[in-house]
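The entries follow the order in which I looked.

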Amino acid sequence: MQTVLVCQTTDENEAWNITVEVFGLRWNPKAKRCYAWGQSKAGGGWDITTVLETRPIVSASSAVRAVMSALTAVKTAIAARAKPFAA
């Protein structure tokens with residue numbers, strides 16, 4: 001296992017400083033590594049994110065970028081569905 005610090009900035013200039021744990025996978029035929037990190041929830045507990053190393057994910061950094069990109073896409077889709085309140 002290895003620990004990697006990943007620093008990324010979102011399009012909204014939000015900085016992510018994430019400590020990523022890198023696990024080797026011995027018997028997975030498609031991935032050699034798994035990248036994992038956690039974030040504490042406001043109400044207690046943790047949100048854990050895991051990403052398998054499959055192309056284009058080839059590093060801790062690319063795993064974090066992929067998750068950030070997916071979260072941005074979800075936020076954009078939700079915003080597009082939101083209709084302004086008409087008085």
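This is a predicted model: local features need pLDDT of at least 70, side-chain atom pairs count only at pLDDT 80 or more; totals for chains, interfaces and linings use all residues.

**Entry 1, a residue and its surroundings.** I began with Gln-8, which, once its neighbours within four places in sequence are left aside, is in contact with Glu-14, Ala-15, Trp-16, Ser-61, Val-64, Arg-65 and Met-68; contact here means heavy atoms within 4.5 Å. Gln-8 lies in strand β1, where helices (H or I, at least four residues) and strands (E, at least two) are DSSP runs numbered from the N terminus.

Residues are numbered from 1 along each chain as its sequence is written, and side-chain values use heavy atoms, with hydrogens and water left out.

I then traced the strands and found an open sheet of 4 strands in the order β1-β2-β3-β4, with antiparallel pairing; two strands pair if DSSP finds at least two bridges between them. β1 (2-9) and β4 (46-52) stand at the edges with a single partner strand each, so one side of each has no neighbour in the sheet. Neighbouring strands of this sheet are turned by 30 degrees against each other on average, direction ignored; the axes are lines fitted to C-alpha atoms, for helices over the stretch in contact, and angles run from 0 to 180 degrees between N-to-C directions. For the antiparallel pair of β3 (residues 33-40) and β4 I noted 7 bridges, and within that pair Tyr-35 has Val-51 of β4 as its bridge partner.

Helix α1 (residues 60-81) lies across β1, β2 (15-24), β3 and β4, and runs at about 45 degrees to β1. Which residues of the largest nonpolar core touch the most other members? Of its 14 residues, they are Val-20, Tyr-35, Trp-37 and Val-64, a nonpolar core being a set of buried Ala, Val, Leu, Ile, Met, Phe, Trp, Tyr and Cys residues joined through side-chain atoms within 4.5 Å. β2, β3 and α1 each supply at least two residues of this core, and the largest share, 5 residues, comes from α1. Among the residues in contact with Tyr-35, sequence neighbours within four places left aside, I listed Val-20, Val-22, Glu-53, Val-58 and Ala-63.

I found 2 salt bridges in the structure, each defined by a side-chain nitrogen of Lys or Arg within 4 Å of a carboxyl oxygen of Asp or Glu. In one of them Glu-53 pairs with Arg-33, with the closest N and O atoms 2.9 Å apart. Glu-53 lies in the loop between β4 and α1 and Arg-33 in strand β3, so this pair ties together parts that are 20 residues apart in sequence. Glu-53 counts as buried at 14% relative accessibility, whereas Arg-33, at 35%, counts as partly exposed. Lys-41 forms a salt bridge with Asp-47, with the closest N and O atoms 3.7 Å apart; Lys-41 is partly exposed at 41%, and Asp-47 is partly exposed at 42%.

Most residues other than glycine have a negative phi, and most peptide bonds are trans. The peptide bond from Arg-55 to Pro-56 is cis, with omega near 10 degrees, and Pro-56 has its place in the loop between β4 and α1. Ile-57 is found in the loop between β4 and α1 and is buried, with a relative accessible area of 10%. Beyond its neighbours within four places in sequence, Ile-57 is in contact with Tyr-35, Val-51, Leu-52, Ser-62, Ala-63 and Ala-66. Ser-62, in helix α1, counts as buried at 8% relative accessibility, and a polar atom of the Ser-62 side chain lies 2.9 Å from the backbone nitrogen of Val-58.

Terms used:
Buried means under 20% relative accessible area, exposed over 50%, partly exposed in between (1.4 Å probe, protein chains only). A polar contact is a pair of N or O atoms within 3.5 Å; within protein, one must be able to donate a hydrogen and the other to accept it, and residues adjacent in sequence count only if both atoms are side-chain atoms.
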